[in-house]
Amino acid sequence: MGQFMIKVGLEVNGKKIQKEVPEHTLLSTFLREHLNLTGTHVGCDTSQCGACVVHVDGKSIKSCTALAADLNGSKVKTIEGLVKNGKMHPMQEAFKKLHGLQCGFCTPGMVMSAIDLLEHNSNPSDKEIRDWLEGNICRCTGYQNIVAAVKEAATKM
Amino acid sequence: MASLVGSRVERKEDKKLLTGRGKYTADVTFAHQTYAYFIRSPHARAEIKKVDFSKAIKAPGVVSVLTGKDIVDDKIGGLIAGWRIKSEDGSDMKVPPHPPLASETVNYVGDHVAVVIAESLDEARNAADLVKVDYKVLKAVVDTSDAMKSDQIYKDIPKNLCFDWLLGDRAKVKEAFDKADKVIKIDLINNRLVPNAMEPRAANADYNPSTEEITLYTTSQNPHLARIIISAFNGVAPENKLRVIAPDVGGGFGSKIYPYAEEVVCSWAAKKNRKTSKMGCG
Ligand code: FES
Ligand code: FES
């Protein structure tokens, strides 16, 4: 059972990366195990929970369901790439201010999804926020404060 | 300082959790990390006839394959029921054996039978496919209401009865019912509760051969309890040679109070292989 290796070239959080990895390497594994970017979480590995959401070429996707090799040449942004000059992104600030997290396990995926929403809909209704975040499960917060945080971030972004 | 009552208190941990700088158990990786992949029962109840891992042990990257026999040989204790109930007749509840790796029977789908430890998770998973477990499938008991009339599962537990519990005063209750105008009988069904946190269970144990100390990282609501149970009941190491660390924990809701077979096996395997062992999914 030899492993077939494949070259993967990506831009991750603004940095060009070249790695040779087993061809079946998922983007989530590539980020966590090969780049040590452990802010992207794996809650289910089966595309159900959304803890693994990152941006690929500006769109939010579930990184547990994408092969790293398929994305050759893409730009990837993870939760670690949001802080600029030591300042958190308005979405991160809003989550902090409005208590949009407890254990923090769903949070990176939640934040990445929510930013994608605001980038194409700058003033979403509660329903639009809830519909958009349907693929992100949180077991701690009860969602109210997450929705409130996204609304707050919409006024700042 | 403003009064704490009525004022906002920001949480200290939020910034790291929001910026991807938290450290959950699965984020911990040691140098020379090895990976554990568990082989589990596909049957609700079966006898284990034979575990053949002769091919798996030769597969690339494999460090060791451990089975229930090794658990017995090393005198590793079973998982405990952390609650003691007495039946109405005063007898103790009957607790069946629940070894961290089964050697005689499996009693639910997912019961742990063997573990493959390899240099990567892929290699452990591939080698696990080569382990052949020969089962004699037995009739399972799946319904509590029929359990006492079903096949007896454990040798020493007649009628599959763990305990017959009474709370309150039987005589007084009877008297009240006897006097009642009308008595209605209903069956009460209590839904099964699943405390399902977003962070799956995870464990990573490191063994230092020079100090003979095990350090277990585990996603736990109660690392002190894990330490006592894994040392005093499972006998993996004396308490002063076992350190249990719960780093950031991604929810628990009660399910992470108690240590499970995988934490015991990872700690024991790390010591046995004189290496680290991290639990993979499966
Ligand atoms: S880990 Fe990708 S959706 Fe759950
Ligand atoms: S904050 Fe714990 S799962 Fe969302």
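At roughly what angle do the axes of helix α2 (residues 90-97) and helix α3 (residues 107-120) of chain A cross? The two axes come within 10 Å and cross at roughly 125 degrees. Axes here are lines fitted to C-alpha atoms, for helices over the stretch in contact, and angles run from 0 to 180 degrees between N-to-C directions.

The model is predicted, with local features requiring pLDDT of at least 70 and side-chain atom pairs pLDDT 80 or more, while totals for chains, interfaces and linings use all residues. Residues are numbered from 1 along each chain as its sequence is written, chains are lettered from A and ligands numbered from 1 in the order in which they are written, and side-chain values use heavy atoms, without hydrogens and water.

**Chain A: the helix pair**

Select α2(A) and α3(A) together. They are oblique to each other; angles under 35 degrees count as roughly parallel, over 145 as roughly antiparallel, 65 to 115 as roughly perpendicular and the rest as oblique. The crossing is right-handed, meaning that the near helix is turned clockwise from the far one by less than a right angle. Next, display the side chains of A:M91, A:Q92 and A:F95 on α2(A), and of A:T107, A:M110, A:V111, A:A114, A:I115 and A:L118 on α3(A), which make the contact (heavy atoms within 4.5 Å). These residues divide into 7 nonpolar, 2 polar and no charged; Ala, Val, Leu, Ile, Met, Phe, Trp, Tyr, Cys and Pro count as nonpolar, Asp, Glu, Lys and Arg as charged, and the others, Gly among them, as polar.

**Chain B: overview**

Move to chain B, whose secondary structure comes to 6 helices and 10 strands. Helices (H or I, at least four residues) and strands (E, at least two) are DSSP runs, numbered from the N terminus. The C-alpha atoms of chain B fill a box of roughly 75 × 70 × 30 Å along the principal axes. Of its 282 residues, 39% count as buried (under 20% relative accessible area; exposed is over 50%, partly exposed in between, with a 1.4 Å probe and protein chains only).

**Chain B: helix α5**

Select residues 223-233 of chain B, where B:P223, B:A226, B:I229, B:I230 and B:S231 are buried. The buried residues of α5(B) pack against β8 (213-218), β9 (242-245) and α6 (261-273) of chain B. Just after the helix, B:G235 takes a positive phi of about 65 degrees.

**Chain B: a loop lysine**

Finally, select B:K58, in the loop between β2 (46-52) and β3 (62-67) of chain B. B:K58 is exposed, with a relative accessible area of 70%. Its C-alpha atom is separated by 9.9 Å from that of B:L130, 72 residues apart along the chain.
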